[in-house]
Amino acid sequence: MRPRFLSNKILALGTLTTFLIIIYTFTSPEFSFYPSDWSSIFPQRQRGTCAPEDWSSGFWKYSPNTDLPALTDPDQALLFHGFEGCAADREYKWHLGTDHPEQWDRFPDVSAYKWQPSSRCDARPLNGAAMVRDMVENGGWLLLGDSITENHFFSLSCLLYPHVRATPNYTENPYFDRAWAQNLYLSPTSPLLTELDFPSDFSVENTPLVTFRRVDLLLNREDLESLYHSALRAAADGEDPSATNSTSKSLFSSEQMWSSSPSEYMPAFLSSPPDGNYGTLVVSTAGHWTTTLMSAFRDEEAGDEAGWGIEGVKAFFKVAMRTWAGQVQGALDEYRRNGGTRPKQVVVRAYLPGHEDCHDHRKPWSSIEPYHWNWYNWPWIGDFNAIFQELLATPEFPDISYLPIDRPGRLRPDAHAAGDCLHILTGPGVLEGWSHYIWHYVTREMAGRIR
């Protein structure tokens with residue numbers, strides 16, 4: 001018979017060993033709390049190490065996707081860009097850079113560079129199939145922004161191909177309204193279909209993986225008018241008597257814009273399958289914060305050096321984005337108070353301005369060059385970005401992250417669409433880099449956070 005004291009020691013040793021294993025597991029950097037359902041076992045999510053600043057402090061490395069020396073047919077663009085195909089079809093040739101044959105000489109160089117982040121950046125390689133898996137099992141992306149974000153959506157439709165299908169079909173119906181939602185759904189022919197762990201009630205046909213909505217300003221016209229007039233009334237009651245005569249002035253000109261407010265799009269973001277399965281809200285704004293759209297701030301006497309009154313727009317942007325962030329964070333808090341358990345996170349991508357005389361360039365820059373002509377609000381986009389970044393650096397908005405990942409795009413004057421110097425081509429790596437880093441950030445950098 002085993003002595004009782006020996007049995008007790010063995011039992012104690014076993015208990016201690018089990019306890020140490022549990023402590024090691026739960027404190028290991030390989031383990032993180034990132035629950036998809038509080039009633040299930042916490043899944044393990046590998047942590048990565050790559051701060052946005054480390055991602056952005058790299059350089060463009062020459063790394064062509066094909067040996068073809070020149071583009072001679074529009075269909076070759078996919079080879080140059082390294083894609084199998086693209087699910088979206090709206091303005092297909094424009095997005096891929098083949099709509100102006102006189103600019104085909106940009107190939108192969110325009111798509112022959114890959115972003116090389118800092119050596120401090122430990123991010124897994126970009127992989128469309130792995131992205132699709134994460135979007136199905138841990139939540140898709142809702143993209144809100146202007147036409148630059150629409151560029152991003154089209155690029156995603158190529159990165160995730162052939163695992164996704166896109167709607168609407170613009171080949172069948174080219175007439176569209178920019179307010180229409182564009183979606184990427186899991187393709188019923190994707191080879192991943194049998195390998196995925198689908199959330200409850202997920203519908204291959206009806207649950208989007210990615211949605212783009214045109215939202216230029218993140219708040220709608222009525223909300224912004226109300227904020228503007230509230231600010232005017234406060235100024236009139238305070239130290240600025242000149243504001244008294246301006247309280248009836250409209251904020252906006254007749255310039256067209258598309259926008260909506262958190263009260264309109266947050267319910268969609270927070271919805272559950274089959275209507276929605278979003279885990280990440282990606283937003284970006286600044287391009288339409290101009291003195292032509294917000295004509296109440298227009299100051300003709302200020303001239304182009306002072307941005308025709310852009311300082312007033314920037315001050316109002318600070319007020320409006322604090323309001324926006326408060327509403328978004330409030331909606332997330334309410335979601336959890338009401339029992340919501342799916343992880344939800346919001347990332348703000350730094351806005352990317354255009355490049356003057358972009359079509360004169362055929363190579364990436366090694367450093368950001370200054371503006372000379374002060375086109376639009378481009379020279380002041382950095383100020384808008386800094387305002388947003390400073391706002392979100394406070395603990396007031398714990399579920400909203402700011403990603404200053406605009407530098408790679410600032411170094412690519414050669415990567416613009418053929419018809420203008422603001423919009424970005426799919427394929428040269430700028431838009432694809434946004435997807436790569438955002439995917440890394442929400443699945444690795446955010447993996448250890450629990451709310």
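At the start of helix α5, a side-chain oxygen of asparagine 127 comes to within 3.1 Å of the backbone nitrogen of alanine 129. This contact, like everything that follows, is read from a predicted model. The buried positions are Gly128, Met131, Val132, Asp134, Met135, Val136, Glu137 and Asn138. Just after α5, glycine 139 adopts a positive phi of about 120°.

In soluble globular proteins, nonpolar side chains tend to be buried together. Here the largest nonpolar core comprises 104 residues, of which Leu224, Trp289, Met294, Trp324 and Phe388 touch the most other members. Helix α9, residues 310-337, supplies the largest share of this core, with 12 residues. Apart from this core lies another, of 8 residues, which includes Leu71, Trp94, Trp104 and Val110.

A pair of aromatic rings is described by the distance of the centres and the angle of the planes. Across the whole structure, 20 aromatic pairs are found. In one of them, the ring centres of tyrosine 228 and phenylalanine 316 are 6.2 Å apart and the planes lie at 85°; the pair is therefore edge-to-face. Because tyrosine 228 belongs to helix α7 (residues 221-237) and phenylalanine 316 to helix α9, the pair ties together parts that are 88 residues apart in sequence. Both tyrosine 228 and phenylalanine 316 are buried.

A second pair also involves helix α9. The rings of phenylalanine 317 and phenylalanine 384 have centres 5.0 Å apart and planes at 85°, so this pair is edge-to-face. Phenylalanine 317 lies in helix α9 and phenylalanine 384 in helix α10 (residues 381-392), so parts 67 residues apart in sequence are tied together. Phenylalanine 317 and phenylalanine 384 are both buried. The residues of these two pairs belong to one aromatic cluster, formed by Tyr228, Trp289, Phe297, Phe316, Phe317, Trp324, Phe384, Phe388 and Tyr402.

Aromatic rings also meet charged side chains. The charged end of arginine 90 is placed over the ring of phenylalanine 176, 3.9 Å from its centre. Arginine 178 lies over the face of tryptophan 258, at 5.8 Å from the ring centre.

Key: Residues numbered from 1 in each chain as written. Predicted model: local features only at pLDDT ≥ 70, side-chain atom pairs only at ≥ 80, totals over all residues. Heavy atoms only, no water. Buried < 20%, exposed > 50% of the residue type's maximum accessible area, 1.4 Å probe, protein only. Helix = DSSP H or I, 4+ residues; strand = E, 2+ residues; numbered from the N terminus. Polar contact = N/O pair within 3.5 Å; in protein donor to acceptor, adjacent residues only side chain to side chain. Core = buried A, V, L, I, M, F, W, Y, C linked by side-chain atoms within 4.5 Å. Phe/Tyr/Trp six-rings, centres within 6.5 Å; stacked < 30°, edge-to-face > 60°. Lys NZ or Arg CZ within 6 Å of the ring centre and 35° of its normal.
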